[in-house]
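Please read this short report alongside the model.

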Amino acid sequence: MPVFISSIPTIEEDDLKLCKELLSKNNVENIDVKLPGFEDKEHYYTNTGRAALYAILKALEITKGDEVIIQSFTCMAVVVPLKWLDIKPVYADIEQETYNISLESIKGRITDKTRAIIIQHTFGIPAQIERIKEYIDEINKNRSKEKEIFLIEDCAHCLNIKKEDKYLGTYGDVSFFSFGQDKVVSTTQGGCIVSNDRELEKKIERVYKKIPDMPESMVKYNLRYPILWDLIKKVYYKPQVLANSKYFSKFTVGKFLILLFRFLGLIKSQASKDDFGDPKEGVYKLSVKQKHLLKNQLDKLERFSTHREKITEKYSRLLDLDLHGFLIRYPVLVDYPDIVKSKLQQIRVIAGNWYNYPVIPRGIDLDKVGYTVGTCPNTEYVMEHILNLPTGLDVTAKDAERIVHIVEPHLT
Ligand SMILES: Cc1ncc(COP(=O)(O)O)c(C=O)c1O
């Protein structure tokens, strides 16, 4: 089978069976699902990570005219909820070694209007959250309660990861997770909010109560998606029907199915550069059926994490890079990433491009997301060289060696 970096790398036979069962039932009983490290906290499950961030911003009463600092090496999913609420995103640069927000850059971005900083643990690499927290705590001492700056942890890439014996997601005031199609565990789409502050939890509760249940059509989409992608993966390279044709030699059944399912609206990409959506049609509670799938995935999380760690360590050893832990994707900086990407495709490995633009997808209208070219030099360097190697269950140690063999000569 080909290795896909995205599109449900953690879904296995038992998950597929469960999706089919859930699709065939009218109702299932509600269950209590807790994320590792947050067992004693309330969980507020949403249909996506971006919906979770939207609810957090509402609970924090951050509104039009306020500013929120985010790193520019990111995905539009983080910017969308800010736009929904007319909040101004202020972009900070990253540290090149960790791909995470730089404290030095944050220092130059704070104004009177700053109300929050989103700390993204990119690829599962922990950000400098304690140092940032120390700095912000000092600033908050001189601010009124209404002007306080909150720290929101974006844990979309990390679950079950500790920094110095403390789980990522427990450092800031509040955190959100994503269970999107390419995340640590997946329910096709999904998200969760966990707060580290009791007062704030009450506010989140009030906002959350007003969020509608997910429409049944969306529940079905989310449960069908893994089944369809499993089918696509199985026939992705098969058969080369028109292998001798001048124009259609790259055409395979798998690629045809992708086009067909996209046309029928049965699969969609995670982010579309022209579609910012609308909170009225984009914010729901996670369905109970998906909570069952989430539980099934979480029961296997230790195994997923161990596997990712093994592959991460293998890449680091072979490439002589200092990256460790359960990375969801393994970042490398190469010359001409597109060329390396197509060489990897020849061995049936589909690599990733988080993030080959300030706020992906590449080509997004930078005016619309409020990014000014030249303001984040590290992001702008990294985006031209980044390539993500897969660490998911379908990558074997042997695959990792073959991947490294292709990538190594191109490292910057
Ligand atoms: C850094 C980061 N944060 C948040 C999200 C939100 O994810 P979603 O709304 O797709 O669940 C994503 C999605 O890829 C992401 O990469």
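Is Val-359 buried or exposed? Val-359 counts as buried because its relative accessibility is 0%. Here buried means under 20% relative accessible area, exposed means over 50%, and partly exposed lies in between, with a 1.4 Å probe and protein chains only.

This is a predicted model, in which local features need pLDDT of at least 70, side-chain atom pairs count only at pLDDT 80 or more, and totals for chains, interfaces and linings use all residues. Residues are numbered from 1 along each chain as its sequence is written, and side-chain values use heavy atoms, with hydrogens and water left out.

**The loop around Val-359**

Val-359 sits in the loop between strand 12 and helix 13. Helices (H or I, at least four residues) and strands (E, at least two) are DSSP runs, numbered from the N terminus. Val-359 is not a glycine, yet its phi is positive, about 75 degrees. The loop between strand 12 (349-350) and helix 13 (366-369) also holds Tyr-355. A cis peptide bond links Trp-354 to Tyr-355, with omega about -10 degrees. Pro-361 lies in the loop between strand 12 and helix 13 too. The bond from Ile-360 to Pro-361 is cis, and its omega is near 5 degrees.

**The ligand and its shell**

How many residues surround the ligand? There are 16, and the closest are Gly-49, Arg-50, Asp-154, Ser-178 and Lys-183. The shell divides into 6 nonpolar, 7 polar and 3 charged residues. Ala, Val, Leu, Ile, Met, Phe, Trp, Tyr, Cys and Pro count as nonpolar, Asp, Glu, Lys and Arg as charged, and the others, Gly among them, as polar. Helix 2 (49-59), helix 3 (76-84) and strand 9 (174-178) each supply at least two residues of this shell.

| Residue | Protein atom | Ligand atom | Distance |
|---|---|---|---|
| Gly-49 | backbone N or O of Gly-49 | oxygen | 2.7 Å |
| Arg-50 | polar side-chain atom of Arg-50 | oxygen | 2.7 Å |
| Asp-154 | polar side-chain atom of Asp-154 | nitrogen | 2.6 Å |

Taken alone, the ligand exposes 390 Å², and the protein buries 98% of that. These areas come from the Shrake-Rupley method with a 1.4 Å probe.

Lys-183 lies in the loop between strand 9 and strand 10 (191-195). Lys-183 counts as buried because its relative accessibility is 8%. An unreviewed UniProt entry annotates Lys-183 as "active site". The UniProt annotation "modified residue: N6-(pyridoxal phosphate)lysine", also from an unreviewed entry, covers Lys-183. Such annotations may be inferred rather than shown by experiment.

Helix 3 is largely enclosed by the rest of the structure, because 8 of its 9 residues are buried. Among them are Met-76, Pro-81 and Trp-84. Just after helix 3, Asp-86 takes a positive phi of about 60 degrees.

**Other loop residues**

Leu-35 is found between helix 1 (13-24) and strand 2 (44-46). Leu-35 is buried, at 0% relative accessibility. Beyond its neighbours within four places in sequence, Leu-35 is in contact (heavy atoms within 4.5 Å) with residues including His-43, Phe-177 and Leu-298.

Where is Asp-165? Asp-165 lies in the loop between strand 7 (162-163) and strand 8 (166-167). Asp-165 is exposed, with a relative accessible area of 72%. Its phi is near 70 degrees, a positive value in a residue other than glycine.

Terms used: A residue is near a molecule or strand if one of its heavy atoms lies within 4 Å of it. A polar contact is a pair of N or O atoms within 3.5 Å; within protein, one must be able to donate a hydrogen and the other to accept it, and residues adjacent in sequence count only if both atoms are side-chain atoms.
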